[in-house]
Amino acid sequence: MHPFILERPGDLDSALALRAQAGRDDAPVEYIAGGTDMVQLLQEYVRRPERLVSLAGLLDSRIEVSSQGLRIGAAATMADVAAHRAVTQQFPVIAESLLASASPQVRNQATMGGNLLQRPRCPYFRDVGYSACNRRAPGSGCSAMRGENRWHAVLGTSENCIAAHPSDVAVALVALDAVVEVRGSRDQRTVPLNDFYRLPGSTPHVQTVLEPGEVITAITVPANPAARRSHYLKVRDRASFEFALVSAAVGLDVGRGRIRQARVALGGVATKPWRVPQVEAALAGARFEPTALRKAAALAAQGARGYGHNDFKIQLMQRAIVRAVETAGARA
Ligand SMILES: Cc1cc2nc3c(=O)[nH]c(=O)nc-3n(C[C@H](O)[C@H](O)[C@H](O)COP(=O)(O)OP(=O)(O)OC[C@H]3O[C@@H](n4cnc5c(N)ncnc54)[C@H](O)[C@@H]3O)c2cc1C
Ligand code: SF4
């Protein structure tokens, strides 16, 4: 285990000040919240900060629903959000994505802020025995490109990194146009979650648009008729405790047997939660007929590229969309 000093500041301003002194990349000072991802990375020497600044007790953990929508404090646990009555009833895709994530023990400890900022599960990133990983060691190469890439992305990749984004709930939140509230030592701002994650491009080690030291303070989801009739479908190698090979988050607004409006995002297949507006446009006005749904879902494959072991994802993600649309559509 990499040794570190644990800082326990008494308020958020002190935490922000401590972290702001460090840079963006492989910073000597990092935040820790529930610790379920960070501790693994320390144990494997993937992250080697000198200090960890604990966010425990410094951030909002409330979950509030109003006519405007849903607001989730960054310190809310995955378990509390998944069990919240208004979330399960009005935003089922969020609750389902969380219940399909990790294990009860992890969900009890892990925070929503930490979930959005967890690191990829690429085995080469998490094993320092492999020297080539541009995300861990910029400029070193990518072991996955010609290695074992069954779990990797087919959309949004670059020649420098093909790691799939790991968070399930981020996919559900992107489908519902969620926004993250962010605070730094000087100001606060909001960022649509869809713009929050960066594509790997030539800088895969920079995962988000967060500036050094900024924290996520809350997540908001605007009210939308498609949120209530929503569903999260996750395809994985085993029934629990496993990350997505492919997932589809779908929300539908339905009237007279037709889809008025659809929200669709994909997980497990892209380097960030992947919204598919072309599929949404094709679903708008469609009836729940297999041919129409399959035709719309096929548009998700635009720009997809397999790397050998993960070629199967291109077909599988289309089938996942069709199944998720049918399931969401069958909801009252
Ligand atoms: C066995 C196992 C299985 C898992 N399976 C799944 C799965 O199927 N699906 C899934 O989505 N996830 C899965 N996970 C990942 C899990 O959801 C994350 O580890 C967890 O959500 C991280 O939250 P945390 O509070 O523990 O974050 P931490 O580990 O404390 O932090 C994670 C990162 O976020 C940063 N951070 C934390 N909070 C903030 C904040 N508010 N502002 C700025 N930075 C912050 C930290 O600096 C760190 O870089 C699994 C984890 C384990 C251990
Ligand atoms: S896919 Fe990305 S995270 Fe995995 S080895 Fe390549 S550069 Fe590293």
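**Conventions.** Relative accessible area, taken with a 1.4 Å probe over protein chains only, defines a residue as buried when under 20%, exposed when over 50% and partly exposed in between. The model is predicted, so local features need pLDDT of at least 70 and side-chain atom pairs count only at pLDDT 80 or more, while totals for chains, interfaces and linings use all residues. Residues are numbered from 1 along each chain as its sequence is written, chains are lettered from A and ligands numbered from 1 in the order in which they are written, and side-chain values use heavy atoms, with hydrogens and water left out.

**View 1. Two aromatic pairs are found in a search of the whole structure**. Tyr124 and Tyr130 form an edge-to-face pair, with 4.8 Å from centre to centre and 85° between the planes; rings of Phe, Tyr and Trp (its six-membered ring) pair if their centres lie within 6.5 Å, and planes under 30 degrees apart count as stacked, over 60 as edge-to-face and the rest as tilted. Tyr124 is buried at a relative accessible area of 10%, whereas Tyr130, at 39%, is partly exposed. The Phe196 and Tyr197 rings also make an edge-to-face pair, because their planes stand at 85° and their centres are 5.2 Å apart. Both Phe196 and Tyr197 are buried.

**View 2. An open sheet of five strands runs in the order S4-S5-S8-S6-S7, with antiparallel pairing**. At its edges lie strand S4 (63-66) and strand S7 (188-192), each of which pairs on one side only. Strands (E, at least two residues) and helices (H or I, at least four) are DSSP runs numbered from the N terminus, and two strands pair if DSSP finds at least two bridges between them. Within the sheet, strand S5 (residues 69-73) runs antiparallel to strand S8 (residues 215-222), and five bridges join S5 to S8. Ile72 has Ile219 of S8 standing opposite.

**View 3. Glu96 sits in helix H5, which spans residues 92-99**. With a relative accessible area of 21%, Glu96 is partly exposed. When residues up to four places away in sequence are not counted, Glu96 touches Ser230, His231, Tyr232 and Arg331, contact here meaning heavy atoms within 4.5 Å. Lys234 is 138 residues away from Glu96 in sequence, yet the distance between Glu96 and Lys234 in space, C-alpha to C-alpha, is 9.4 Å.

**View 4. Strand S10 pairs with S9 over six bridges in the antiparallel sense**. One of the residues that Glu96 touches, His231, has Val250 in S10 as its bridge partner. S10 is mostly covered, nine of its ten residues being buried. Phe241 counts as partly exposed, because its relative accessibility is 48%.

**View 5. S10 and S11 form a hairpin with two residues between them**. The two strands pair in the antiparallel sense over nine bridges, and among the facing residues Leu252 stands opposite Ala262 in S11. Arg256 belongs to the loop between S10 and strand S11 (258-267), and although Arg256 is not a glycine, its phi is positive, about 50°. The relative accessibility of Arg256 is 83%, and therefore Arg256 counts as exposed, in contrast to the nine residues of S10 that are buried.
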